[in-house]
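Please read this briefing alongside the sequence and the coordinates. The notes are grouped by topic, so that each element can be located as it comes up.

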Amino acid sequence: MRAIVLDAPGPPSSLTIRELPTPEPAAGWVLIAVEAFGLNRSELHTRLGLADGVTFPRVLGIEATGTVAACPGGEFSVGQQVVAMMGGMGRTFDGGYAEYTCVPAGQVIAFESTLDWATLGAVPEMLQTSYGSLTVGLDARAGQTILVRGGTSSVGMATAVLAKRLGLTVLSTTRNPAKAAALRAIGVDHVVVDDGHVASAVREIVPAGVDAALELIGTPTLPDTLRATRVHGVVCFTGMLSNQWTVRDFYPIEYLPRGVRLTAYAGDAADLPAPVLQEFLDDVSAGRATVPIDHVYRFDEIVAAHTAMESGTAHGKLVVTTA
């Protein structure tokens with residue numbers, strides 16, 4: 001099989017396509033014929049040498065979409081459409097940047113859809129992160145207001161789509177005013193241009209502050225996001241688009257506005273119930289929901305795909321197909 005291998009941390013050109021043996025699954029594992037996979041900041045962190053617990057050489061990829069090629073334990077049927085994500089994929093064992101990937105059965109979710117593989121490949125990790133952030137991280141409710149900090153990222157756009165389906169009023173940020181139209185097209189109610197200080201602009205729209213806020217940029221913008229949130233509101237720290245995820249000399253009384261609650265979300269496949277995945281795909285097929293895709297790349301365009309991800313210019317998901 002063809003696989004994209006990283007021998008050691010480095011630039012996008014460090015990703016090389018090689019022929020590797022097709023994995024053989026043991027009981028409790030599933031061999032998936034990969035049709036498409038989405039790119040994630042986690043894989044950028046791994047390529048840059050910022051991820052812990054990774055050994056090299058490694059096939060990256062924390063998600064994959066395709067069909068079951070073999071399943072010795074019988075948890076899934078051969079030919080069944082599935083997604084897989086997390087659980088050590090692309091870090092402690094080889095991941096989805098390949099024509100075949102072998103993963104624990106617990107990280108696999110089955111579905112049925114006639115959507116094209118590029119669209120399906122954009123969904124799993126993006127939907128899991130957005131859904132988990134809204135439900136586990138924020139406990140979001142209909143009628144609430146939510147600020148999505150990092151709104152034109154793939155997770156930011158997916159969160160806006162899900163939040164509108166849940167009945168929330170959505171405020172999303174972008175550093176580039178030219179991307180405002182893309183946010184409005186997916187249903188965002190208020191676009192806020194992010195100059196590093198959005199709390200005052202948010203409070204012009206929601207004077208008391210938003211009920212919930214999803215932080216996708218990282219620690220550089222987190223204090224400002226906290227200031228945009230009402231007393232007893234919740235901020236969920238999920239993303240690190242800035243590649244900065246720690247706070248030095250953290251003193252909670254000074255750092256946290258009075259009464260604002262800070263939580264975090266880092267999920268797994270178990271946080272995305274199969275019925276939620278199926279319902280979302282059905283809604284996409286029916287035109288009731290959208291999958292925010294920026295660009296679809298061929299397998300041999302992986303260097304260009306990673307270059308685009310690192311540049312931060314995409315508004316939506318970057319997807320690679322194996323065909």
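The structure is a predicted model.

**Packing of H4 and H9**
- Helix H4, which spans residues 154-166, packs with helix H9, residues 274-285, at an angle of about 95°, and their axes lie 13 Å apart.
- Because angles of 65 to 115 degrees count as roughly perpendicular, H4 is described as roughly perpendicular to H9.
- On the H4 side the contact involves Val161, Leu162 and Arg165, which meet Glu279, Phe280 and Asp283 in H9.
- Sorted by class, this contact of H4 with H9 comprises 3 nonpolar and 3 charged residues, with no polar ones.

**Helix H10 and its buried side**
- In helix H10, residues 302-311, the buried residues are Ile302, Ala305, His306, Ala308 and Met309.
- The partners against which the buried residues of H10 pack include both strands and a helix: strands S1 (2-6), S2 (15-19), S3 (29-38), S15 (293-298) and S16 (317-321), together with helix H1 (41-47).
- Glycine 312 follows H10 and has a positive phi, near 75°.

**Helix H3**
- Helix H3, residues 124-137, is mostly covered, in that 11 of its 14 residues are buried.
- Among the buried residues of H3 are the charged Glu125, as well as Met126, Leu127, Gln128, Ser133 and Leu134.
- Aspartate 139 follows H3, and its phi is also positive, near 50°.

**The sheet of S2, S1 and S4**
- An open sheet is formed by 3 strands in the order S2-S1-S4, with antiparallel pairing.
- The edge strands of this sheet are S2 and S4 (58-59), each of which pairs on one side only.
- S1 and S2 run antiparallel and are joined by 5 bridges, and isoleucine 4 has isoleucine 17 in S2 as its bridge partner.

**Strand S7 and its pairing with S3**
- Strand S7, residues 100-104, is largely enclosed by the rest of the structure, because 4 of its 5 residues are buried.
- S3 and S7 run antiparallel, joined by 5 bridges, and alanine 33 stands opposite tyrosine 100 in S7.
- S3 is also among the elements against which the buried residues of H10 pack.

Conventions. Residues are numbered from 1 along each chain as its sequence is written. This is a predicted model: local features need pLDDT of at least 70, side-chain atom pairs count only at pLDDT 80 or more; totals for chains, interfaces and linings use all residues. Side-chain values use heavy atoms; hydrogens and water are left out. Axes are lines fitted to C-alpha atoms, for helices over the stretch in contact, and angles run from 0 to 180 degrees between N-to-C directions. Helices (H or I, at least four residues) and strands (E, at least two) are DSSP runs, numbered from the N terminus. Angles under 35 degrees count as roughly parallel, over 145 as roughly antiparallel, 65 to 115 as roughly perpendicular and the rest as oblique. Contact means heavy atoms within 4.5 Å. Buried means under 20% relative accessible area, exposed over 50%, partly exposed in between (1.4 Å probe, protein chains only). Two strands pair if DSSP finds at least two bridges between them.
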